[in-house]
Every structure is written in structure tokens, then in C-alpha cells.
Amino acid sequence: MKELWVELGPQRYPIRVERGLLHHVGEWLLKDERIKGKKAFLLSEIRVAEHYLEPVRSSLERAGIEVYTKVVSAGEASKSLTQVEEIVGAMLTAGIDRSSLLLALGGGVIGDLGGFIASVYMRGIPFIGLPTTILAHDSSIGGKVAVNHPLAKNSIGSFYHPLAVYYDPGTFATLPMREVKSGLAEVVKHALLAGKEFFYWLRAHSDALLSLDGEEMGEALIRGMRVKVRIVEADERETAGVRELLNLGHTIGHAVEAAAGYGEVLHGEAVAIGLVQEGRIARGRGLLSEEELNEIKDLLLSFGLPTELPSEMRMEELLPYMYRDKKNRDGKIRMALLQGIGTAKGMEVTEEEILALDQTK
Ligand SMILES: NC(=O)c1ccc[n+]([C@@H]2O[C@H](COP(=O)([O-])OP(=O)(O)OC[C@H]3O[C@@H](n4cnc5c(N)ncnc54)[C@H](O)[C@@H]3O)[C@@H](O)[C@H]2O)c1
Ligand SMILES: [Zn+2]
């Protein structure tokens, strides 16, 4: 069992990582003195529920907890206010009250949706995260919960922390390989912000990570989450300028994701492209060596990730998206730029530097 305590918000909370953990969630909840209620609402989505709803439900029932379940459609469309209203209706009908628990079993979509509902249902009820994707190692920390508005992704949200997160890497066995690779891009990003050791550890264990069957994946998740915890603790509400470092690879990454049309290029794939393209800007400024840039590119390629823009895409068409980025100040584009493997700094970047990337493929 690997464990990480997150010292954020009014309460500290543990993230526990172990294969097979989903079968023991009930036992863990019984040990938690903060939990008073004996009722739980278990939220999941169809692709995840198919494999993991029953083990979780029976574990909760063995612990004497009365369980109500709701399974929504898979995918981003479920992060909507319409869905919130429907789920709240089911919770009210089930008699879920302030002492009851809401458990979110699934990837980032269910984590964001479940966390948002927990934050507003009766002005807040205890929330437990049960992540089932690699990418969710990122969303499990930082307390950002949200649903989408038709005009903008994640535009209706709040900050709300779980009581605990139980993370079972055994669930990745059923995750499509493309999602596995995409999730690893975010692990690489965390490694690039954490000194050299983690990055070279990833490189040494890349085959084991892709094979999914050793203990390495749990180790990578814990290490990645530790990096995010450290940065978020320093800047919980994104006011001190430290949290923008977590946007490494994301200024260009988000633009690629949006320009391609959401779902065409997966989030982690777009981040992998962004890491290399933004790395070239850092290289151009002499902040990153050619050798380091190649090491980053090679690691992403070894995880089967893309590192160049889709062939029909040009930086010029990505600029308008970058101008809408939340990190910008006074209309200038900002990026987190690497200063060697392991450190980054938020900086202004010029249009010329971005457009020049089209010439350096
Ligand atoms: N709150 C945050 O800080 C934060 C951070 C990053 C991302 N996010 C959000 O997370 C979402 C993306 O997360 P995600 O990539 O986990 O997406 P997801 O929840 O949609 O999961 C990706 C795909 O894998 C399937 N799936 C999930 N777990 C599975 C399993 N174990 N076996 C088989 N199939 C499985 C899902 O049905 C889906 O098709 C986005 O909505 C994004 O906005 C939030
Ligand atoms: Zn990301």
C-alpha cells in the first residue's frame, strides 16, 4: 500500500494506491472516524461500471453501508448541469443526507462531475474519489471540480476536496491503450517539474509502465501526485503564480486539443505535443539543451505519444486559442518554460517564437 497525504483545505486527506484496492473500499471506510453516516451514493459511468461497480458495491455492503447507485453515459457530455439535476434528483429520492457519502468511480469525467455534485448537494457532503484512469492522478489533487457549459469547458465549478481517494491501478487493465499512453504524458509533465531523478526513473521503467503489470505504475502515480501536491500547496487558489508551472506543455497543448475538436486528439496526446513544441521555444532561448530536448521527445515517443502537430495544423491557427489562455497577462501569451529537465518558470512568449515552430519540424 502506497499512501500520500494531501495537506490542503480545511481537512487533510489521504490518497491510497494499491492494486485490488476497490475490493476493500468498505473496510477502509469503516476505519475512517470522520465518516458518520451509513448511506452511500455510488456514481459511475457505463464503461467503468461494467467492470468495477459490483466489487465496490459489495465491499460497501459488507461494511454495513446502504448503497444507492447511478450509472451515467461515458464521456465528456456527462459533465453537464442537466446531468447534475438528474443525479441530485436520484440522491434526494434515495434519502441521501449531509452525513451520507458520495463515491465517484471512474476517470476524470466522473471525478469532476461527482466532486461538483458533492460540493453543492445540501451545501456539501463527504466525497470519496475512486479513480480508474492514469490521467485521474492529475485531477485527484487540487480540488478543482466542475461541469461544462455548452460555451466553455469546466466553466461551472468550485474548489472541493475529497475525504479520501482510493486508487486501484488494477483497473488500468481494461483501459484502452490509447488512454494509458495519454495518461502517461501527464506523468512525464510532473516529472519534468521535479528535478532530474523522476524523469530518468521514468525513462528506465518505460517498458514496465506500459506493460501495466508491475508495481511501477503505482509508484509513478504517487510520485506524479507528490509533485502536484507540492505545487498546489504552494498556491492553492492559483494566485501566487506557482501553479502556472503545472501548465507546462498545456498552452500549446490546449490549443491543439481545441483546434482539432475535443476528443480527436486526447488531452495527454496534446500535452505531449505541447511539451516538445514549448521545449523548442525553451531551446531557442538557450534554457534547454538540444540533448535534453531530444531526451524528452524520446521518452514521449517511447510511450507511443505524438510530439508534432497533426500534419494539416499550423501554429498560426493555434494563436487565437493561446490568446484566450487563462495565464496571459496584459494580452501577452505566457508559458511555463523549462530551464533544463526538472525546473520550469512562467514567462512571456512572443508570436514570432511560436510561429517559428512551423519551420522546425
Ligand atoms: N479537476 C482537475 O483538476 C482535472 C485535471 C485534469 C483533467 N480533468 C478532467 O478529467 C477529464 C478527463 O479525464 P479522463 O481522461 O480520466 O477521462 P474519462 O473519465 O472520460 O476516461 C477516459 C475514457 O476511458 C474510459 N475508462 C475510464 N476508466 C476506465 C477503465 N478502468 N476501464 C475501461 N475504460 C475506462 C472512459 O469511459 C472514457 O472513455 C476531463 O473532463 C478533464 O476536464 C480534471
Ligand atoms: Zn493536463
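How are the donor residues of the zinc ion (ligand 2) spaced in sequence? The pattern is E-x63-H-x16-H.

## Ground rules

This is a predicted model, in which local features need pLDDT of at least 70 and side-chain atom pairs count only at pLDDT 80 or more, while totals for chains, interfaces and linings use all residues. Residues are numbered from 1 along each chain as its sequence is written, chains are lettered from A and ligands numbered from 1 in the order in which they are written, and side-chain values use heavy atoms, with hydrogens and water left out.

## The zinc site

Glu186 (OE), His250 (NE2) and His267 (NE2) coordinate the zinc ion (ligand 2) at 2.1 to 2.4 Å. Glu186 in helix α6 (residues 177–192) and His267 in helix α11 (residues 267–284) are 81 residues apart, so this pair links distant parts of the chain. Donors here are N, O and S atoms within 2.8 Å of the metal (3.2 Å for Na, K and Ca); water is not among the atoms, so the site may look incomplete. Helices (H or I, at least four residues) and strands (E, at least two) are DSSP runs, numbered from the N terminus.

Glu186 and His267 are both buried, meaning under 20% relative accessible area, with exposed over 50% and partly exposed in between (1.4 Å probe, protein chains only).

## Around ligand 1

Of the 25 residues around ligand 1, those that come nearest are Glu45, Arg47, Glu76, Gly108 and Thr133; a residue counts if one of its heavy atoms lies within 4 Å. At least two shell residues come from each of α2 (46–62), α4 (108–120), α5 (136–139) and β8 (152–159).

Taken alone, ligand 1 exposes 860 Å², and the protein buries 87% of that (Shrake-Rupley method, 1.4 Å probe).

## Helix α11

Of the 18 residues of α11, 16 are buried, so this helix is largely enclosed by the rest of the structure. After α11 comes Gly286, with a positive phi near 75°.

Asn154 is not a glycine, yet has a positive phi of about 55°. Asn154 sits in strand β8 and is partly exposed, at 37% relative accessibility.

Asp330, also other than glycine, has a positive phi near 50°. Asp330 lies in the loop between α13 (315–323) and β10 (334–338) and is exposed, with a relative accessible area of 77%.
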